[in-house]
Amino acid sequence: MLLDTETAILVDLKTDNFFDPKSQKTYETYIQKAVEYVSGFLTNKDFYSGETPSNLRLKETLLKADPDINLSIEEALTQIKELYLDHTIAFHHKNYVAHLNCPVLLPAIVGDMIASSVNTAIETWDQSTSATLIEQEMIRWVCSKMSLPNTSDGVFTSGGTQSNFMALLMARDDYAFKHYGLNIKENGWSDVVSKFRIFCSEKAHFSIKKNAALLGMGYNSVIPVETDDRMKMKPDALVQAVEKEKQLGNIPIAIIATAGTTDFGSFDPIDTIAKITNEYNLWFHVDGAYGGGYILTETHKNQLSGIEHADSITIDFHKTMFQPVCSSAFLIRDTKYFKYVSYYADYLNPLEHRNDECPNLIEKSIQTTRRFDALKLWFTLKMTGAKTIGSFLEKVHYLTLDLYQHIKDDHYFEIAHKPELSTLVFRYISQGIDNDSIHDTINLHIKNTLFKSGQASIASTKLKGKVYLKFTLLNPKSTIDDLLNIIQMIKTTGQNYTFNN
Ligand SMILES: *Cc1c(COP(=O)(O)O)cnc(C)c1O
């Protein structure tokens with residue numbers, strides 16, 4: 001027994017790899033070497049090497065993390081280059097236009113690097129001190145941009161999915177408490193909850209349904225409301241849907257407006273929906289995971305008007321504020337609603353030690369150990385500035401409009417919508433073919449071929465059962481020529497499609 005322990009101690013001392021004063025020089029060397037490799041990633045020619053999935057799997061020796069191996073930093077970096085940096089997806093590349101992944105800003109990377117090294121855990125004051133103040137300040141900043149009242153508050157989350165989860169949880173528990181005197185946090189499920197109904201656009205993000213299920217209300221508690229030809233929720237359809245559910249004996253509890261739908265970037269009429277929500281006295285959530293950042297623009301500020309009436313708001317900084325994942329926030333009109341997630345643990349944040357001077361953010365989060373994700377936003381606001389971020393967003397919006405103008409009359413394309421934000425949904429039309437399922441096949445072929453060859457990454461989605469291609473433009477340094485180049489690849493690939501593929 002004694003011998004075992006001594007051996008273990010010897011091994012530990014041999015590896016001088018902790019972030020501590022003794023290894024300060026090693027820390028600097030490691031980071032510098034890592035930076036060289038990451039910087040090398042920027043010289044990759046394509047957004048993706050095009051390496052096949054089976055070849056990636058064959059890199060077995062690199063994949064396996066054998067517990068008895070002690071690689072040097074050079075060896076580990078060489079391996080990770082071959083396994084990962086040479087083959088992973090570059091979101092900053094001009095030909096990456098698939099999903100809501102933005103190129104990230106250098107100040108944000110610096111903030112993230114510092115947060116990882118120092119490794120602050122933000123959940124209690126005694127683990128974070130001024131880091132807590134920085135997160136709170138970032139929250140205050142975004143609440144004021146949204147024109148929320150002084151009672152407002154918020155917390156950083158892992159993403160829009162978690163923020164939407166918190167919104168639905170609060171809507172559920174608050175309704176149950178106010179109307180039925182139920183304390184779901186203490187006592188759990190009650191039958192009446194199965195009648196709760198949540199209304200959102202049929203184009204809303206899937207996390208609304210998923211979260212409703214996780215919260216015990218089920219997919220069917222989410223009522224999709226019809227959208228118009230610009231993919232915006234129809235207010236009269238919303239009223240009809242609420243009335244219909246009431247007639248059925250169900251209980252409307254919340255209405256969700258989407259500020260920038262994931263596929264189309266469309267804004268629901270927030271102001272009108274706010275009024276309807278107010279008339280029915282329901283919880284009003286705005287999912288601004290994508291479009292929320294546009295509050296910093298001159299072009300779209302008006303689209304967000306009415307958001308100041310929201311009970312809660314989702315905003316993803318890792319989508320439209322050029323932050324590395326994760327960086328996201330859940331905002332709430334009144335800090336008192338955090339009581340639905342707060343818990344006082346004797347070992348962390350005992351109630352009797354509650355002290356406003358030294359807040360414990362754990363009382364606002366559904367997570368316990370939590371990263372200091374606010375730091376990268378702080379660096380970005382200090383070094384890049386909100387105005388510049390706003391101008392980046394305006395730029396990608398105009399770029400999208402420009403692309404729309406270029407291809408809308410091209411008979412090789414059918415466009416789904418006039419872009420409102422920075423996504424464009426369209427499909428390639430093979431000339432002389434009048435069969436939707438063939439068009440579907442060819443569009444998927446185009447997407448897959450361009451991805452596999454490392455030429456371009458485009459997303460696809462469905463509208464009225466038909467397959468469409470989607471560009472999500474978040475790179476303000478892209479030019480219209482970059483985009484037309486991808487359009488040309490699409491045409492060429494479509495034209496080269498042969499039916500015995
Ligand atoms: C992306 C998105 C989400 C989910 O956000 P994550 O950060 O990916 O969890 C929710 N709602 C909308 C409208 C989105 O676009």
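**View 1. Strand E5 pairs with strand E6 (residues 312–316) in parallel, over 4 bridges.** Strands pair here if DSSP finds at least two bridges between them; helices (H or I, at least four residues) and strands (E, at least two) are DSSP runs, numbered from the N terminus. Look for Val286, whose bridge partner in E6 is Ile313. This is a predicted model, so local features need pLDDT of at least 70 and side-chain atom pairs count only at pLDDT 80 or more, while totals for chains, interfaces and linings use all residues. Residues are numbered from 1 along each chain as its sequence is written, and side-chain values use heavy atoms, leaving out hydrogens and water.

**View 2. On to the pairing of E5 with strand E4 (residues 251–258), which is parallel and has 5 bridges.** Val286 turns up here too, as the E5 bridge partner of Ala257. To get from E4 to E5, the chain passes through helix H13 (residues 270–280), making a right-handed β-α-β crossover. Right-handed means that, with the strands pointing away from the viewer, the path from the first strand over the helix to the second runs clockwise.

**View 3. How much of E5 (residues 283–288) is buried?** That would be 6 of its 6 residues, so the strand is largely enclosed by the rest of the structure. Buried means under 20% relative accessible area, exposed over 50%, and partly exposed in between (1.4 Å probe, protein chains only). Trp283, His285 and Asp287 sit on one side, with Phe284, Val286 and Gly288 on the other, and all are buried. In a regular strand, side chains alternate between the two faces of the sheet.

**View 4. Strand E1 (residues 153–157) has 5 of its 5 residues buried, so the rest of the structure largely encloses it.** One side carries Asp153, Val155 and Thr157, the other Gly154 and Phe156. E1 runs antiparallel to strand E7 (residues 328–332), joined by 5 bridges, and Val155 stands opposite Phe330.

**View 5. An open sheet of 4 strands runs in the order E8-E9-E11-E10, with antiparallel pairing.** Its edge strands, E8 (413–415) and E10 (459–463), each pair on one side only. E10 and E11 (residues 466–472) share 5 bridges, with Lys462 partnered by Val467 in E11.

**View 6. Cys326 is partly exposed, with a relative accessible area of 27%.** The whole structure has 0 disulfides (pairs of cysteine sulfur atoms within 2.5 Å).
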